[in-house]
Amino acid sequence: TLEAGRAYELRVELVVESVVMFGGVDLRVTAPYPADALEQAVAAARTADVAVVVVGTNDDWETEGEDRTFLGLPGDQDALVSAVAAVNPRTVV
């Protein structure tokens, strides 16, 4: 967890094996979700006529280069779907 206004030193080392044609580093920074994001979604779903939950994967998870070892959604998406559907039977995913 990073704190606003504070400097941090970051060191990235990349070792590319000779049998690999390509190598690279992808470093991303995103704003954190609110600590109560799941609770907010559940509260909204509880009072909604219909709850629409949009989930999925991206290029970090889907590739032609290897098969996925499980079919769960990344992050807390499975928990989000379960929690919303538990409070609103009219949930579309």
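Guide: A residue counts as buried when its relative accessible area is under 20%. Keep that cut-off in hand. The model here is predicted.

Visitor: Is Gln77 buried or exposed, then?

Guide: Gln77 has a relative accessibility of 16%, so it counts as buried.

Visitor: In which helix does Gln77 sit?

Guide: Helix α2, which covers residues 77-87.

Visitor: What does the side chain of Gln77 reach?

Guide: Look for a backbone oxygen. The Gln77 side chain comes to 3.0 Å from that of Pro74.

Visitor: Which residues does Gln77 contact once neighbours within four places in sequence are left aside?

Guide: Val55 and Gly56.

Visitor: Now Asn88. Where is its place?

Guide: Asn88 lies in a loop, between α2 and β2, the latter being residues 91-92.

Visitor: Is Asn88 buried or exposed?

Guide: Apply the cut-off again. Asn88 is buried because its relative accessible area is 4%, and buried means under 20%.

Visitor: Which backbone oxygen does the Asn88 side chain reach?

Guide: That of Ala48, at 3.0 Å.

Visitor: And what is Asn88 in contact with, neighbours within four places in sequence left aside?

Guide: Ala45, Ala48, Asp49, Val50 and Ala51.

Visitor: Step back to the chain. What is its secondary structure?

Guide: Two helices and two strands. Read from the N terminus, the order is α-β-α-β.

Visitor: Why is the chain called more spread out than a compact globule?

Guide: Compare its radius of gyration with the globule rule. For 93 residues the rule gives 12 Å; the chain has 19 Å, well over that, so it is more spread out than a compact globule. The C-alpha trace spans about 55 × 40 × 15 Å along its principal axes.

Visitor: How much of the chain counts as buried?

Guide: Of its 93 residues, 11%.

Visitor: What share of contacts with a separation of 6 or more joins residues 24 or more positions apart?

Guide: In this chain, 56%.

Terms used: Residues are numbered from 1 along each chain as its sequence is written. This is a predicted model: local features need pLDDT of at least 70, side-chain atom pairs count only at pLDDT 80 or more; totals for chains, interfaces and linings use all residues. Side-chain values use heavy atoms; hydrogens and water are left out. Helices (H or I, at least four residues) and strands (E, at least two) are DSSP runs, numbered from the N terminus. Buried means under 20% relative accessible area, exposed over 50%, partly exposed in between (1.4 Å probe, protein chains only). A polar contact is a pair of N or O atoms within 3.5 Å; within protein, one must be able to donate a hydrogen and the other to accept it, and residues adjacent in sequence count only if both atoms are side-chain atoms. Contact means heavy atoms within 4.5 Å. The radius of gyration is taken over C-alpha atoms; the globule rule is 2.2 Å times the number of residues to the power 0.38.
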